[in-house]
Structures are given as structure tokens and as C-alpha cells.
Amino acid sequence: MDQHQGAISFPFPARSHLEFPPQFAEAHAKCPVSRVKLPHGQEAWLATGHDVVRKVLVDPNFSRALAAEHENRRLTPAAILNSSLIGLDPPDHTRLRTLASRAFTARRVERLRPHIVAIIDDLLTAMGKHEGPVDLLEHFMRPLPALVISEMMGVPEQDIERFLEWSAEAIAGPSNPEAAAAGYQSLIEFFGKLIEDKRRAPGDDLLSALIAAHDEQDKLSDDEMVALSVLLLVAGHEAITTVFSWFVIILTTQYPEHWKHLQSHPEDIAPTVEELLRVVPRTKIGGGFPRIAREDTELAGVRIKAGEAVIPAMDAANRDPVVYGEDPERLDFNRSENPHLGFGAGVHFCIGAPLARLQMQEGMRLLLKHFPTLRVAVPVEELKLTPETAMRILLSVPVTW
């Protein structure tokens, strides 16, 4: 079946911060693969069904590397995302990921739990000394992942504030490519200098390990090492800040009974995090980074030609009624099986997923301990998003208790 006629405009506008655009469900009801027209005039295929989205993510026929060279690369937040792991296909992707993944195994991350708990406890203790309302982002959500991933990478603490500024610039959306390029270039220069310093005086950190892989085994070029470092830092910081903030907002404003339940049932925090990972959109467009078909193929009976772009809408797949029931928008914190695609799938499955889960689980547990009556100090509709990023990054989250 060929559906090039009647392409629908994409992305779909959301009427509120917490509403998932109903156009996804409408498109999915007609066909889990729809033809869409993008703002810059190009067309692509939008995959919305859970099975077809997963196929796009795991099938090597759908290439991220080709997407970096394609017109629809404009859907990608910044050049940073096309310059390292996330923009490569095997075998180059496999070589880099194998090196980087050594720092993010579940066992190694678990050994970090006591230290991460101490970081969280210190941040929340300091926040509690202020009179509310205070900005949850400023005092907790931004510094937590920045401190954790910077320490893992060996970034000096005095440089973290500069990193936060450059990171925010680097993920600027297509509407502000100059800011994105400037932020990315600043990070490149920063890591180039840091790599020189680490080469002279290595430490017990991931960046020193990557330098050793380059110098002793010739497995990593300098450019690859810099790009990988930038990606790990930016992705490790921004994703936690963005997603975890929405978790707290949703629980305290829409599910206060469950927030109270978690105070006495911390064992339910892990499945709560997974269900929130399923329903909280990460981007303003609700779709993942595009892939380009290497060869002609079919998705749900729709013919995809070689060279055409496919956008895997993970947020829509996580609401597929075939997988999540007739009311997939409803949060079920007791869900026994939750095959969500919140961390992707296939070779590009989020390398930092174990670390992200640990920070969100322990962060929620200690937030409940320190601030059991935490609440957002303004109506949710008054919260503002950063205007020039593809991710749903909040400007601030004033809270009180």
C-alpha cells in the first residue's frame, strides 16, 4: 500500500503541557504508519504503533547515519546528536558503544548508589533551608545529574556551571541553530583541553579510560573521544532534568493520593517510575530521531522506499491500545508488564538507562522523605517551556511544602 497522497502536517500542536496531541491517536487509528509533511516542506513517514516503532528502532535497514546526511536531519535538536553514538550505525557504533558501555553497566551503576544517595541528600537538605517557594530545577533537578555524570566523566566541579550553560545552548532546537552550534563548539573546546589534561594526569574516571583506549589500543580517534564525551554529558544531564521534573509535577498535581502512598510504600517507586517513563513525552514533537530506509521495505503494509525518512514516535507507541489497553492515557502504577520504549530499543537503546533509573528512583524516594507535602506553587498551565529546544525543558518549577 502506498500512501503518499494526503500527507498530514507534522508536528502536532499540543494544547497544554500535559496533554498528548490527540492527532497521534487519530493517525494511528487509520494506520500505524502515516505520511506527514514537515515544517520545512519535506515529507516523511510517521510510525505510531508499538510494533512498527520497535521495528524501526531495531531493524538495521533503518539508518541513523544516513539520517544525519538527510534533509530531515532538521528534526534532530542539534549537531551534537549527529556526531557520536546516536548518529552512527554499526560497526562504528558498536566500537564506540562497547567502550562507553563499560561505565554504565547495571552492576557498576549499582555500586554508585550510596554516593548518588549522598549527593541527593545534600542537595535536598540545602534546598530545605530556603523558605518556599523555591525553584526545584535550580536547587535539585539541574545539579543532580550534572554532578553525577560530571564526576563519572572526570569534569572538575568548578567547571560544572559552564558546562550547564553550554549544554543548554547545544540542545537548542532547529529554530536557533546558531546557539546550538556555539554551545556545541564551546563543549568541543572544553573537552579538547580536558583530554589534554587527563592525558598528562589520568584519573579513575570514564574520560581517562577512553583516553587509555585511544592511546594504548588505537580504538578511538581524538574527534570521536570528544564527540562521545560531549554526548554523554549533555544527554546524561538534560534527559534526567527534563523527564524527572515532569514526574514530580504529574504526581503532585494529578495523583496526590499516589504521592502520599509512595511515602509509606517505597517499594512501589520503581514501577511508578516505569509507568511515568511510558507516558511523559520527552520532546515537543512526540517523535524520535528520524531513520532513513536503506532498501525498499514494508511497515504495517505500507511501502517505504529506499531513501525515505521514517520518524519513530515512541511517545505514541507507548500509548498503543493494543499493548496498553483501551485507555492508554490512564496511568496504571500497578502495571505488571510495561514494555515501554522510553529508553528506545535496539542498538541505540539508551546507554545510561541504569544510571537514569537509579537517579530517578532514589531522587523520588528522598524527595518524599524530605518534602512529603511538596506541591507545585503555581498552576501547571503557568509553567513555561524553553522556546527554542525540541525537548520539553521547563524554565523553572516553583515548589513549596
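**Ground rules.** I number residues from 1 along each chain as its sequence is written, and side-chain values use heavy atoms, with hydrogens and water left out. Since the model is predicted, local features need pLDDT of at least 70 and side-chain atom pairs count only at pLDDT 80 or more, while totals for chains, interfaces and linings use all residues. Helices (H or I, at least four residues) and strands (E, at least two) are DSSP runs, numbered from the N terminus.

**Entry 1: strand β2.** I started with β2 (residues 33-37) and looked up its burial: four of its five residues are buried, so the strand is largely enclosed by the rest of the structure. Buried means under 20% relative accessible area (1.4 Å probe, protein chains only).

**Entry 2: its partners.** Strands pair if DSSP finds at least two bridges between them. I found β1 (residues 8-9) parallel to β2 over two bridges, with Ser9 bridged to Lys37. On β3 (residues 43-47), β2 pairs in the antiparallel sense over five bridges, and there Val36 stands opposite Ala44. Five residues lie between the strands of this β2 and β3 hairpin, where Gly41 takes a positive phi near 100°.

**Entry 3: α12 and α14.** Next I checked helix α12 (residues 222-254) against helix α14 (residues 269-279): their axes come within 10 Å and cross at roughly 105°. Axes are lines fitted to C-alpha atoms, for helices over the stretch in contact, and angles run from 0 to 180 degrees between N-to-C directions. I noted the contact (heavy atoms within 4.5 Å): Val243, Phe247, Ile250 and Leu251 of α12 meet Thr272, Val273, Leu276 and Leu277 of α14.

Notes. Buried < 20%, exposed > 50% of the residue type's maximum accessible area, 1.4 Å probe, protein only.
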